[in-house]
Amino acid sequence: MMTRIFALLFFLSAITFHSHAQPALGYYLPENISYNPQIPTPKSIVGHEIGAWHLSHDKLIQYLKALDESSDRISMNVTGASHEMRPLINLIITSPQNHQNLEDLRQQHVALTDTKLSTNLDTRKMPAVFYMGFSVHGDEASGTNAAALTAYYLAAAQGKEIDSQLQNVIIILDPCLNPDGMQRFSSWVNVRKSITPSADPNDIEHREAWPGGRFNHYWFDLNRDWLVAQHPESQARVKVFHLWKPNVLTDHHEMGTNATFFFQPGVPSRNHPLTPSKNYELTKRMASFHARALDDIGSLYYTQEDFDDFYYGKGSTFPDVQGAVGILFEQGSARGHAQESVNGIVRFEFAIRNQFVTSLSSLRAVHNLREELLNYQRQFYKDATSEALKDPIKAIVFGANDDKVRALHFAEILHRQQIDVYPLTASQSINGKNFTNESSYVVPLQQAQYKLIKSMFEKRTSFQDSIFYDISGWTLPLAFGLDYEELKTVPQHNNKTPTFSIPAGKRIGDKTDYAYAIETKGFYTPRSLFKLLAHGVRVKISTAPFNHETGKKFSNGTILIPLDNQDRVNANQIEYLLDDIATQDGVDVYACRSGLDLEGTSLGSNSFQALRKPEIALIVGEGVTATDAGEIWHLLDTRYRIPVTLLSTDVLNRANLSRYNTIILPSYSGTSINEIGREKLKAWVQNGGVLIGFENAVSWINNNGLGRFEMKKDEVVAEKKNDVLLRPYASIARYTDAQATSGAIFEAQADLTHPLLYGYDHLTISVFKSNNIFMEKSKNPYANPLVLTGAPLQSGYISKTNYPKVKDTAVVGVTGIGQGQVIGFTNNVCFRAFWFGTHKLLTNAIFYGPIISSKSSR
């Protein structure tokens with residue numbers, strides 16, 4: 001009897017739980033439509049209704065595999081793997097008839113982008129291609145969960161409407177653009193879910209621990225990576241984009257809990273000028289479909305008041321410069337299962353339904369506008385070809401004589417975006433810049449991706465609007481620190497696409513028993529240097545120029561490996577390491593048979609200083625900007641293979657720091673480093689440590705007595721005339737937002753003799769700035785080796801109020817405490833993994849910080 005009572009209580013409690021937590025499938029699906037019973041519902045595979053729990057990535061894949069196996073409308077493709085080796089997949093969804101002829105349809109569709117083939121194509125008989133993308137931010141989970149519903153609907157729905165849609169549209173459904181972030185977030189909220197979900201914003205379910213699930217494994221915002229595609233997730237989806245050349249790409253996101261629902265168009269004045277006006281017109285016409293769908297279910301929404309279509313590196317804007325239409329959706333987020341808002345409680349299932357409904361409204365719009373979208377795509381490329389013919393610039397040449405690798409990696413980005421790029425056939429000098437055939441490339445402008453090329457190379461400093469959702473300047477050759485020139489004729493070039501493997505370096509001179517020298521100009525030299533130090537090789541760095549027996553002059557910052565008195569490695573081991581360095585890192589190795597240099601510095605001089613192996617801690621955790629920390633971690637880990645301890649702020653407060661000789665503090669503003677932690681850091685620096693701080697961390701270092709940097713105050717100055725304000729109250733937000741320096745490029749003057757600039761050979765360097773942090777030049781003339789020029793703006797936006805403040809300010813400052821050094825950078829030198837031109841500033845600070853003269857930092 002007691003057993004039956006317990007069983008009944010368990011049954012009743014289960015019913016109660018499910019009645020609160022599990023919305024029925026009918027809550028989401030359109031009415032009066034029948035569904036194929038042979039197609040599995042989500043619940044039949046994952047064990048719960050969509051919205052009751054957050055789908056984990058493995059359950060999502062499990063369900064989509066089941067759909068693939070049961071539906072002749074679906075084929076599933078694995079396109080790659082995330083950093084954490086989760087599969088990146090998409091579903092190709094269309095009619096069974098189209099599936100029988102899919103490759104021919106793809107080739108015919110892609111021919112619309114080729115003006116030699118597109119004229120005779122009959123768009124009346126062609127299906128449109130529609131890319132559905134969900135949840136590039138892992139903690140914006142309603143998109144990915146709606147993707148599972150959308151896939152079910154497209155596989156199971158029956159009737160004339162869906163049959164026509166599938167016959168006339170080929171859908172690429174990308175259910176999760178960020179698997180690692182999704183898995184991290186779903187685990188957090190599911191583990192902390194109550195039977196009756198708490199809507200209190202203070203509940204731990206809604207307070208995800210740092211760094212949160214928004215980002216990928218290395219804490220990058222993948223929605224900013226479409227253009228440069230530095231991560232495997234981005235590379236996979238960009239490859240699919242170019243394989244299919246979709247007409248429309250939708251991008252499903254979430255925003256703050258107190259918001260409703262947004263769909264594009266965004267603010268009209270914030271479109272990029274390279275985007276045709278027809279694109280905006282089509283976006284507005286599609287908006288009417290979304291409005292009707294949301295009206296039908298009573299959901300609030302807005303449009304044209306927020307967001308923009310300016311930076312081509314984000315998902316909803318990337319298609320706009322390639323003959324397609326990108327559409328951004330933003331749903332007010334529950335950030336869990338339910339959360340209070342000014343609009344009432346936002347429930348997860350409600351957010352999912354809005355995303356699902358607008359997925360279907362998007363399909364309806366693509367279906368109804370199919371022929372117009374196809375014709376627009378064809379005309380876009382015809383217009384681009386015409387503009388290229390009229391453009392007086394016919395080609396762009398770029399390169400870096402001092403470093404083959406940076407130019408190669410930039411060429412790789414261009415190639416990834418289907419831009420034709422070729423090696424220069426013969427070396428030549430153009431406007432005083434030398435371009436060698438070994439390290440220079442040519443981009444002819446008369447090609448299909450003409451507009452995308454323009455967006456990558458242009459320097460733009462005038463804008464219709466002064467507010468940007470993302471960065472305002474991204475001139476890629478400047479980001480890579482490359483020389484480049486626009487040409488009125490196409491120079492001779494090799495017509496073969498380059499191979500994108502690191503070119504092997506050379507061993508110059510016969511094997512020696514004396515010493516070897518390596519220049520530090522190559523991009524992967526920091527990797528080489530760490531290999532040597534990690535294997536116990538005694539390495540020195542030159543602080544003065546010296547000459548080689550071949551007549552070559554080595555500059556400051558050249559690495560010297562003496563073979564005598566190497567107590568931890570023998571000559572054969574060093575030879576093996578040098579062969580590996582030359583082959584794997586593309587570094588040239590020079591044999592030195594003698595140490596005598598009567599015209600420069602002999603190799604036994606005190607101008608050569610011994611280097612120590614870096615033992616690095618990167619401070620992470622509350623108060624640290626996760627993306628900035630992730631960029632540093634990614635650079636050291638993936639590019640240079642330099643190990644780094646991720647030291648959380650709470651551990652810093654109680655840890656013994658003596659095992660580290662270098663500590664990096666990314667942009668930081670907070671209180672998680674307590675008084676004990678601050679005193680530990682200070683004592684550690686005084687004992688010889690090198691502390692490297694970035695952006696907001698420089699002010700924190702200053703305010704806590706860890707360094708001495710003079711910072712300008714960032715104040716918004718109200719314009720007055722005769723003591724009367726010139727602006728109405730209603731303009732407050734717009735004026736203050738316009739003061740943000742969201743991301744622009746500035747020119748800085750470099751002291752090439754300073755250790756922080758070793759490996760550079762240009763007197764000016766392009767730096768990226770996305771803040772209003774301005775460092776005054778020190779009274780010590782040696783403490784600021786990189787200073788912005790008097791007219792520094794190269795590309796992007798800075799307000800008239802802030803431009804005078806940024807001129808002649810320091811990019812980096814060096815100050816000493818006791819036996820240690822504190823190095824402060826006001827700019828981000830690792831921005832989004834593609835700012836190759838300033839990466840070496842960080843590694844120089846790591847390797848050479850300890851040898852900076854105390855006279856230059858006191």
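Guide: A definition comes before the first topic: on a 1 Å grid over the protein atoms alone, a cavity is a set of points where a 1.4 Å probe fits but cannot get out, and lining residues have an atom within 4 Å of a point. This is a predicted model, in which local features need pLDDT of at least 70, side-chain atom pairs count only at pLDDT 80 or more, and totals for chains, interfaces and linings use all residues. Residues are numbered from 1 along each chain as its sequence is written, and side-chain values use heavy atoms, with hydrogens and water left out.

Visitor: What makes up the lining of the largest cavity?

Guide: The residues are Thr79, Leu88, Ile89, Asn90, Tyr131, Asp174, Cys176, Leu177, Glu233, Ala236, Arg237 and Val240. Helices (H or I, at least four residues) and strands (E, at least two) are DSSP runs, numbered from the N terminus. The cavity holds about 90 Å³ of space, a volume being the space filled by probe spheres set on the points, which are joined across faces, edges and corners. Seven cavities of 30 Å³ or more are found in the whole structure.

Visitor: Why is Ala426 called partly exposed?

Guide: Buried means under 20% relative accessible area, exposed over 50%, and partly exposed in between (1.4 Å probe, protein chains only). Ala426 has 36% relative accessibility, so it counts as partly exposed. Ala426 sits in the loop between strand S13 (422–423) and strand S14 (428–430).

Visitor: Which residues does Ala426 contact, leaving aside its neighbours within four places in sequence?

Guide: They are Phe435 and Asn437, where contact means heavy atoms within 4.5 Å.

Visitor: Why is the pair of Phe468 and Tyr797 called tilted?

Guide: Rings of Phe, Tyr and Trp (its six-membered ring) pair if their centres lie within 6.5 Å; planes under 30 degrees apart count as stacked, over 60 as edge-to-face and the rest as tilted. The centres of these two rings are 5.5 Å apart and the planes are at 45°, so the pair is tilted. Phe468 and Tyr797 are 329 residues apart, and the pair links distant parts of the chain. Both residues are buried.

Visitor: What makes the pair of Phe768 and Trp835 tilted?

Guide: Their ring centres are 5.1 Å apart and their planes are at 55°, so this pair is tilted. Phe768 is in strand S33 (residues 764–769), and Trp835 is in the loop between strand S36 (820–825) and helix H25 (839–848). Both Phe768 and Trp835 are buried.

Visitor: Asn565 and Arg832 are next. What is phi of Asn565, and what is phi of Arg832?

Guide: Phi of Asn565 is near 60°, a positive value in a residue other than glycine. Phi of Arg832 is near 50°, again positive in a residue other than glycine.

Visitor: How do you know whether Asn565 is buried or exposed, and whether Arg832 is buried or exposed?

Guide: Asn565 has 58% relative accessibility, so it counts as exposed. Arg832 has a relative accessible area of 15%, so it is buried. Asn565 lies in the loop between strand S23 (559–562) and helix H18 (571–585), and Arg832 in the loop between S36 and H25.

Terms used: On a 1 Å grid over the protein atoms alone, a cavity is a set of points where a 1.4 Å probe fits but cannot get out, and a pocket is an open set with protein on both sides within 12 Å along at least five of seven lines; lining residues have an atom within 4 Å of a point.
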